[in-house]
Amino acid sequence: MRDAVTNLIQNYDIAGRYFDRNAIDSLKSYFESGTSRVKAAAMINSNAAAIVKQAGLALFDELPELIRPGGNAYTTRRYAACLRDMDYYLRYATYALVAGSMDVLDERVLQGLRETYNSLGVPIGSTVRGIQIMKDIAKGQVAEAGISDTSFVDEPFDYMTRELSEKDI
């Protein structure tokens with residue numbers, strides 16, 4: 001797993017180049033937002049269970065067919081698995097948030113997830129919607145914690161939804 005700094009260094013090293021103004025600006029931006037990233041991740045971590053619970057309730061309110069007989073979250077076991085997966089996405093989103101890199105999401109979450117969900121009959125659309133609901137809740141809580149620029153909170157959640165969403169071939 002790499003972070004924003006190691007990604008930048010690796011890219012310039014592979015190209016055999018010294019850092020230019022763009023690289024320095026990128027590093028400066030990453031370090032300037034570092035305290036906010038760590039505070040946001042700590043806030044999300046301390047409220048993770050509540051965020052997942054609230055997002056689950058909102059998701060099932062919005063898509064009640066998921067918890068009806070025949071729905072993908074119908075049994076207690078499936079309902080619990082859905083909330084477990086949401087917690088998993090939230091946890092890895094905070095890792096990516098602190099790292100300033102989406103590599104951890106590719107390596108630990110997204111690789112093969114679409115194929116696994118398709119083979120199990122798990123609806124990707126509702127998964128994507130659940131991730132977006134968690135983003136909105138987390139972003140609101142981060143803003144309430146006094147962090148004014150919460151745009152970096154969008155990055156890992158939007159990345160996961162983009163990668164999971166259906167793609168044109």
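A residue is counted as buried under 20% relative accessible area, as exposed over 50%, and as partly exposed in between. In this predicted model, Asp20, with a relative accessible area of 25%, is therefore partly exposed, and Arg17, at 45% relative accessibility, likewise counts as partly exposed. These two residues, Arg17 and Asp20, form a salt bridge in which the closest N and O atoms are 2.7 Å apart. A search of the whole structure finds nine salt bridges. In helix 2, Asp25 is paired with Arg21 at 3.6 Å between the closest N and O atoms, the two residues being four positions apart and thus separated by about one helical turn; Asp25 is partly exposed at 36%, whereas Arg21 is exposed at 58%.

A salt bridge between distant parts of the chain is formed by the side chains of Asp154 and Lys135 (4.0 Å, N to O), which lie in helix 9 and helix 8, respectively, 19 residues apart. Both Asp154 and Lys135 are buried, and they belong to a network of salt bridges that also includes Lys139 and Asp158.

Helix 1 (residues 4-15) packs against helix 2 (residues 21-32) at an angle of about 170°, with the axes 10 Å apart, and the two helices are therefore roughly antiparallel. The contact joins Ala4, Val5, Leu8 and Tyr12 of helix 1 to Asn22, Ala23, Leu27, Tyr30 and Phe31 of helix 2, and comprises eight nonpolar, one polar and no charged residues.

In helix 7 (residues 113-120), the buried residues are Leu113, Arg114 and Tyr117; they fall within an arc of 100° seen down the helix axis, so they line one face. The face turned away from the buried side carries the exposed residues Glu115 and Ser119.

Conventions
Residues numbered from 1 in each chain as written. Predicted model: local features only at pLDDT ≥ 70, side-chain atom pairs only at ≥ 80, totals over all residues. Heavy atoms only, no water. Axes fitted to C-alpha atoms, helices over the stretch in contact; angles between N-to-C directions. Parallel < 35°, antiparallel > 145°, perpendicular 65-115°, else oblique. Contact = heavy atoms within 4.5 Å. Nonpolar A, V, L, I, M, F, W, Y, C, P; charged D, E, K, R; others polar. Buried < 20%, exposed > 50% of the residue type's maximum accessible area, 1.4 Å probe, protein only. Arc of directions from axis to C-beta.
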